[in-house]
Amino acid sequence: MIKKNWMKITLTTITVLTLLAIFWYTKFALKPYQVTPHQLAETYSYQVENANVTLTQLENGHYAINYQSFDGENVNGQLVYPENYDGSKPVPLLIGVHAMGRSYIRWLQDSFKNTDTIEQTDELANMALAKGYAVLVIDARNHGKRKNLDYNIKKVMYDLWFWGKREPYETMIIDTVKDHRVLLDWVATQPQFDQNEISVAGYSMGGQISLILASLDTRINKVLSIVPPASSDNVARVSPLNFVKQLSAEKTWLVTADNDQYANKQENIALFNAIANTQKHHIVIQGEHELPEGYYTQLEGWYE
């Protein structure tokens with residue numbers, strides 16, 4: 001009798017859980033959708049009359065940058081010139097884009113608030129500066145000094161994956177791309193930058209944003225995308241796969257991990273194959289999404 005009751009309880013529990021799972025999938029799970037190139041162009045269009053860019057010197061060759069984006073949002077970051085910069089000729093520019101949950105400072109420091117910069121993007125910036133690049137970095141939406149304390153990135157991602165609310169996540173990426181396009185508008189007016197040598201590099205979310213930005217904006221001539229998350233039509237408006245077919249940059253490098261928990265081998269190959277320009281290179285590094293120490297030494301050729 002006890003055994004029969006136990007079996008009945010077990011079967012009832014399984015049935016209830018199955019029904020709940022079906023309900024969740026039907027009601028909340030992310031579903032793929034399609035977007036056209038025209039829709040994407042409209043989504044990422046912007047207008048700005050005056051970005052009101054201000055530079056404040058912090059130390060020799062280092063400047064805080066602040067400006068108003070297309071929607072009046074305040075954007076903050078830093079501009080760093082190479083040590084030997086004397087203003088006699090234009091310098092190439094690297095725009096660095098940070099990973100999710102990080103801030104622009106990760107491109108400039110090997111640690112912040114007692115936590116290491118595990119993406120090693122500070123080393124990427126050091127390499128750029130050593131090769132004569134200026135480095136320009138800003139905070140993404142809802143990151144760094146731009147955090148929304150009432151609706152932080154953890155809540156955004158929780159709502160995305162558990163409740164299928166894609167709009168806050170997609171808007172964060174879209175508006176960050178637009179912030180960078182407004183920044184490029186300013187860069188285009190600055191004679192100290194070589195307008196034929198404007199590059200963008202990013203890690204994880206930064207790699208995703210870098211591919212989208214360079215696909216939309218022909219002012220970018222070189223792209224380095226490091227471990228971008230897998231492209232998916234569940235978030236089609238921010239999926240790099242829907243953009244890179246129009247990527248016209250002179251040089252594009254994609255760096256992926258062979259055991260990345262956020263993008264498998266097949267997804268990474270599909271993304272690389274979709275990149276339109278012929279001057280492209282795919283580096284696969286052994287490891288997970290957090291790449292091993294010193295991986296950046298394999299990327300020196302990208303700066304050439």
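A total of 13 salt bridges turns up here, a salt bridge being a side-chain nitrogen of Lys or Arg within 4 Å of a carboxyl oxygen of Asp or Glu. The structure is a predicted model, in which local features need pLDDT of at least 70 and side-chain atom pairs count only at pLDDT 80 or more, while totals for chains, interfaces and linings use all residues. Residues are numbered from 1 along each chain as its sequence is written, and side-chain values use heavy atoms, with hydrogens and water left out.

Several of the charged residues come together: D71, E73, R141, R146, D175 and D179 are linked in a network of salt bridges. Within this group, R141 pairs with D179 at 2.8 Å, N to O. R141 sits in the loop between β7 and α4 (153-163) and D179 in helix α5 (residues 167-187), so this contact ties together parts 38 residues apart in sequence. Helices (H or I, at least four residues) and strands (E, at least two) are DSSP runs, numbered from the N terminus. D179 also meets R146, at 3.0 Å from N to O; R146 is in the loop between β7 and α4, 33 residues from D179.

As for accessibility, buried means under 20% relative accessible area, exposed over 50%, and partly exposed in between (1.4 Å probe, protein chains only). D179 is buried at 0%, R141 is buried at 10%, and R146 is buried at 10% too.

Elsewhere, K131 and E304 form a salt bridge, with their closest N and O atoms 2.9 Å apart. K131 lies in the loop between α3 (121-130) and β7 (134-138), and E304 in the segment after β11 (280-285), 173 residues away. Here K131 is partly exposed, at 31%, and E304 is exposed, at 60%.
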